[in-house]
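Student: Could we go through the terms used for this model, setting each value against its cut-off?

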Amino acid sequence: MSQWPIVRLRDVVSMTSRGESPLPGRAYRLLGVRLWGQGAYARETIDGSGTQYSQLFRVDEGDIVVNKIWARNGSVSVVNAELAGAYGSPEFPTYAPKKDMLLPRWAYWFTRSPLLWAQCDELSRGTSGQNRLRPERFLEVQILLPPIAEQRRMIAELDVAEEASQDHKRACEDVQREANAVLLAVFRKIVNGAPLLHMKDIAPLVRRVTEIDPDSAYP
């Protein structure tokens, strides 16, 4: 692993700009990007007359998409096949990986890494006092770049691990739903026939006023 180079994104991606002027009467599917590497998603579909932006930008499968405002909180992802053809506002710059050097799926796994989030946080500081990440500064992010064959091998292992994790999560959710159903059935049996009372009669509102001491701390 030590022999793998660390490169800047400017060497392995290209900024893209597929801007279109929104047309009234035409539907545009907008995308968003969740925080902390949790992926891009379809936000809503709007009419072209329903946006304040003079341009919307179409994304393609494999694009890296960045939320300029929240990049410092991991709002970076890679567009999947389902979101291909969606649109982002100017707040979502996009970058196309050079696929002979950087596989989009390897870029996706990098977006899940705190190593990226920390760099985005650092690069966002001092920009107009709003901590926005300027599109050109994102190109300064550094990424570990194994050979393509090694990227494919590691992607396969990570995908298998993610699927196993999702299976475990679904199994836990099934168990929780069953437990909740049992508890609800027992509760209904216990309270069957019991009288109903107003909360004001059994737990009246209480306000315990405290005089604030400027020299004290309050949890």
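Predicted model: local features only at pLDDT ≥ 70, side-chain atom pairs only at ≥ 80, totals over all residues.

Tutor: Residues are numbered from 1 along each chain as its sequence is written, and side-chain values use heavy atoms, with hydrogens and water left out.

Student: Why is Thr111 called buried?

Tutor: Thr111, in helix H1 (residues 104-111), has 2% relative accessibility and therefore counts as buried, the term meaning under 20% relative accessible area with a 1.4 Å probe and protein chains only.

Student: What makes Gly39 buried?

Tutor: Gly39, placed in the loop between strand E4 (27-33) and strand E5 (40-47), has a relative accessible area of 8%, so it is buried as well. Leaving out residues up to four places away in sequence, Gly39 touches Gly32, Val33, Arg34 and Ser77, where contact means heavy atoms within 4.5 Å.

Student: Which residues does Thr111 contact beyond its neighbours within four places in sequence?

Tutor: Thr111 is in contact with Gly37, Val76, Ser77, Val78, Leu116 and Trp117.

Student: Why are H1 and H4 called oblique to each other?

Tutor: H1 and helix H4 (residues 148-191) pack at an angle of about 55 degrees, with their axes 9 Å apart. Angles under 35 degrees count as roughly parallel, over 145 as roughly antiparallel, 65 to 115 as roughly perpendicular and the rest as oblique, and H1 and H4 are therefore oblique.

Key: Helix = DSSP H or I, 4+ residues; strand = E, 2+ residues; numbered from the N terminus. Buried < 20%, exposed > 50% of the residue type's maximum accessible area, 1.4 Å probe, protein only. Axes fitted to C-alpha atoms, helices over the stretch in contact; angles between N-to-C directions.
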